[in-house]
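Open the model in your viewer and keep the selection panel within reach. We will go from stop to stop, picking residues and looking at what surrounds them.

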Amino acid sequence: MFVKYISAVTCIACFLYTFYILCNLTYFLSAHDESKETIISLKKDESIESTLWLLIINMSLLSIFMLQHSLMATEFVKHLFCKLHMDYMERSIYNIASAMTLHLLFSKWQNISSTVLWEVNTSSNNVLWFTFTAFHVLAWSIIYSGCLMMDISELAGIKQVYYKFSFRPSPMVMKSKDLLRYYSHMRHPSFTGFLIVLWIYPYMTLDRLLLASIFTFYMALMWTIDKDDYNYHANLVKIKQTELF
C-alpha cells in the first residue's frame with residue numbers, strides 16, 4: 001500500500017512539473033515582444049570571442065537535452081526498469097528527466113544578437129504581431145492535439161501507474177504490433193508544428209538559428225516513418241472517418 005501511494009504521488013508530481021515546464025517552453029520558443037527587441041538591440045556589439053563562448057554554452061545545453069532524450073528511450077534503459085520492477089514508472093521518470101533538461105536549457109540559454117539573419121518589428125505593427133502569433137498558435141495546437149490523439153494519459157505516465165495498481169497489463173502490451181512499430185518510428189508526432197515554431201519567428205538571431213537548426217536535425221534524424229507506417233495511419237484515418245460520418 002505504501003509503494004502504491006508513493007508511486008501515485010511521484011507520478012502526479014512528475015506530471016505537474018512536466019506540464020509547468022512545457023508551459024514555460026511554449027513561452028520561451030514563441031514569445032516575441034518588446035523585451036525581446038530590447039535584448040537584441042543591447043547585444044549587437046558582442047565580440048567574436050564572446051559569441052563563440054556563448055555558442056559553446058548553448059550547444060552544450062542542447063547536447064545535454066538530446067543525450068538524455070535519446071539515451072533514456074533506448075531498449076537498455078527500458079529493460080533496466082523492468083529488471084528493477086519499475087517499468088510502470090519508466091514514462092514518468094523519462095518525462096521529469098526531459099523536463100529538467102529543458103528547464104536547464106531555457107533558464108541558462110544565452111541570447112546572441114551579434115548576427116541577425118532577419119528582424120521583424122512586431123511590437124509596432126499589429127498585423128505582423130497577429131500573423132506571427134497565429135502561426136505559433138496553430139503550431140502549438142498541432143503539437144498538443146497530436147499528444148491528445150496519441151493518448152495523453154499514457155504519454156504523461158499516469159495510465160501505466162493506474163493499470164499497475166488496478167492489476168491490469170501494461171498499456172503497451174495491449175497495443176497491436178503495427179501500432180508499436182508506428183510509435184517506434186514516429187518519436188515526434190508533431191514535426192510540422194515544431195518546424196513552424198522554430199523557423200517562423202520574427203527575430204532570427206544566431207542563437208535562435210542554432211536552436212532551430214539543431215532541433216530540426218534531431219527531429220529529422222529520429223523520424224523514420226516508412227510506407228508501411230503511412231498505410232497504417234491512412235487506414236486508421238479511414239476507420240475514424242467511417243465511424244464519425
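Is E90 buried or exposed? Select E90: with a relative accessible area of 14%, this residue is buried, where buried means under 20% relative accessible area, exposed over 50%, and partly exposed in between (1.4 Å probe, protein chains only).

Before the next stop, a word on the ground rules. This is a predicted model, in which local features need pLDDT of at least 70 and side-chain atom pairs count only at pLDDT 80 or more, while totals for chains, interfaces and linings use all residues. Residues are numbered from 1 along each chain as its sequence is written, and side-chain values use heavy atoms, with hydrogens and water left out.

**Stop 1**

Because K78 belongs to helix α4 and E90 to helix α5, the pair ties together parts that are twelve residues apart in sequence. K78 is partly exposed, at 30% relative accessibility. A search of the whole structure finds one salt bridge. Side chains of opposite charge can pair when their charged atoms come close.

Now move to the loop between α4 (75–83) and α5, and pick H85. Its phi is near 60°, a positive value in a residue other than glycine. Most residues other than glycine have a negative phi. H85 is exposed, with a relative accessible area of 61%.

**Stop 2: the whole chain**

Zoom out and colour by secondary structure. The chain has twelve helices and two strands; helices (H or I, at least four residues) and strands (E, at least two) are DSSP runs, numbered from the N terminus. Along the sequence they follow the pattern α-α-α-α-α-β-α-α-α-α-α-β-α-α. Of the 245 residues in the chain, 38% are buried. Among contacts (heavy atoms within 4.5 Å) with a separation of 6 or more, 83% join residues 24 or more positions apart.

T10 sits in helix α1 and is partly exposed, with a relative accessible area of 31%.

**Stop 3: the core**

Which residues have the most contacts inside the largest nonpolar core? Select F28, L29, L62, L105, W109 and L211, which hold that place in a core of 28 residues. A nonpolar core here is a set of buried Ala, Val, Leu, Ile, Met, Phe, Trp, Tyr and Cys residues joined through side-chain atoms within 4.5 Å. At least two core residues each come from α1 (2–30), α3 (48–71), α5 (90–108), α6 (126–149), α10 (191–199) and α11. Helix α11 gives the most, with seven residues. In soluble globular proteins, nonpolar side chains tend to be buried together.

Stay with L211: leaving aside neighbours within four places in sequence, it is in contact with F28, L29, L62, L105, W109 and L198.

**Stop 4: along helix α11**

Pick D207, in helix α11 (residues 206–222). D207 is buried, with a relative accessible area of 5%. A polar contact of 2.9 Å joins its side chain to that of W109; such a contact is a pair of N or O atoms within 3.5 Å, where within protein one must be able to donate a hydrogen and the other to accept it, and residues adjacent in sequence count only if both atoms are side-chain atoms. Not counting residues up to four places away in sequence, D207 touches N58, W109, Q110, N111 and I112.

T216 is in helix α11 too, and is buried at 18% relative accessible area. Beyond its neighbours within four places in sequence, T216 is in contact with F191, L195, L198 and W199.

**Stop 5: helix α8 and F167**

Select helix α8 (residues 158–165), whose buried residues are K159, Q160, V161 and Y163. After α8 comes F167, with a positive phi near 60°.

Key. A salt bridge is a side-chain nitrogen of Lys or Arg within 4 Å of a carboxyl oxygen of Asp or Glu.
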